[in-house]
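Subject: Structure handover

Hello,

Here is the structure you are taking over. My notes follow below it.

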Amino acid sequence: MKDNKDYEARKGVLEQIDLLKSELVKLTQELVRIPSVSGEEKEAQSFVYSKLKEIGFEVHSHAKISSRPNLVATLKLTSSKRNEISKNILYVAHIDNIPPGKRQDWRYDPYSGKLVDGRIFGRGVADMKAGLAAMMIAAKAILNSGKETIGTFSIASVVDEETGSDYGMKYLADNRLLQADASIFGEPAFPNVATALKGGLWLKIVTHGKRIGSGWPSEGVNAVIKMAKILCELERLDITSGTQEHPLLGRPTIAPGTTIHGGDAIHTIPDRCEATVEVYTVPGQNSKDVISKIRSMLNDLGKSDKDLDADVKILFETEPILTQTNERIYLDLQSSINTVFGAEAEPIGIPSLGDARFMKKLGIPTVIAYGPGERGKGHVVNESVSVETLTKVAKVYALTALRFWKQVPYT
Ligand SMILES: [Zn+2]
């Protein structure tokens, strides 16, 4: 009997999403038509705010600075019966995106939201306005279906994901402004689900030299040349030792010299050079070990070159994170994907950082990425999303919420 009721509830919601398909397309297009490059998210967030209110969400705005608000919205679906457990599922989207680049490289205006051959085009559509629209329509479909459901559907629309998250997820996490029993990020990973995210280590290296006119180079110490030596050594440095290759994330990587600044005049030997190094780490690896390897390499270099004077500063450090595949949120998501697509999604790892890392700090189980945008199609010209996929992912979001609220045991 209970199973039958659950089946009816699911069926009702899926039918609602089919009915809401044109609204889902329109909402995605409207989101794309409001530019929201990182730092300029306010207008798009005002639009999202009014749409969430229109659906029936309670919406709170949390801003580190008023021009960059984050929205945290909750929709509580309660039953007449008391004492039922009520679970809160949180979907997370970032509203900001990277600039579109040159207009002439695009087939259509990057802010047109044009629908051609079943695909919606525009900057930010895959990464990740389509995901945000799918979350909103999933909630609306559950509400419209009118079936008895008990649970909370939350959506966070955040700023600053593309430029460091200080004003977005980091601010929300530091101030404990997010609450949920589990979360899913609607980042582009389709047809896969991302369950692993590399850790990151950003370093700044500074070399110190001795400034002198360039006519007497041997009497000075050229900080840029010293930096060149260091960067070449870093490129050769084995940071993998003792680390197993991770099945989804592969090996750790090091990219020395992602930026470099040194010297201020053509006729002067520079006395200072700065360079940045980006390291991606994998589970089982400690970033402290990577740093001590780099420091001991610098020590060794210093032994053979007494003029080499360098220091290392850690700018940013984050551990790798994994979605636990025995977590209920992951099982509920995969079951829902199976219902809608006929098969589960293959898990993948992502060699980059992402906002999902902040959920670990909050202790909220999370799926790192499952959204309608296709894997690797985020930061490209002619960014686009398939309407069919968009509709199906909205169904997956809705079904996952229903399953999560029911807490049906897996055997
Ligand atoms: Zn993204």
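Is K395 buried or exposed? K395 counts as buried, because 24 C-beta neighbours lie inside 10 Å. The cut-offs are these: a residue is buried if 20 or more other C-beta atoms lie within 10 Å of its own, exposed if 12 or fewer, and partly exposed in between, with C-beta atoms placed from the backbone.

Two notes on the source. This is a predicted model, in which local features need pLDDT of at least 70 and side-chain atom pairs count only at pLDDT 80 or more, while totals for chains, interfaces and linings use all residues. Residues are numbered from 1 along each chain as its sequence is written.

K395 lies in helix α10 (residues 387-406). Helices (H or I, at least four residues) and strands (E, at least two) are DSSP runs, numbered from the N terminus. Apart from neighbours within four places in sequence, K395 is in contact with L14, I17 and V340; contact means that the C-beta atoms, placed from the backbone, lie within 7 Å. Q16 is 379 residues away from K395 along the chain, yet their C-alpha atoms are separated by 9.3 Å.

Now the chain as a whole. It has 10 helices and 18 strands, and buried residues make up 45% of its 411 residues. Of the contacts between residues at least 6 apart in sequence, 80% join residues at least 24 apart.

Next, the sheet. Six strands form an open sheet in the order β1-β2-β6-β3-β7-β17, with mixed pairing; two strands pair if DSSP finds at least two bridges between them. Strands β1 (58-63) and β17 (366-367) stand at the edges with a single partner strand each, so one side of each has no neighbour in the sheet. Strands β3 (residues 88-94) and β7 (residues 182-185) run parallel and are joined by four bridges. Within this pair, V92 stands opposite F185 in β7.

Finally, the cores. A nonpolar core is a set of buried Ala, Val, Leu, Ile, Met, Phe, Trp, Tyr and Cys residues joined through C-beta atoms within 7 Å. The largest has 91 residues, of which A134, I137, A138 and A398 touch the most other members. Helix α4 gives the most to this core, with 14 residues. Leaving aside neighbours within four places in sequence, A398 is in contact with V13, I17, A138, A141 and I142. A second, separate core of 19 residues includes L234, V277, V279 and L308.

Regards

Definitions and conventions:
Contact = placed C-beta atoms within 7 Å.
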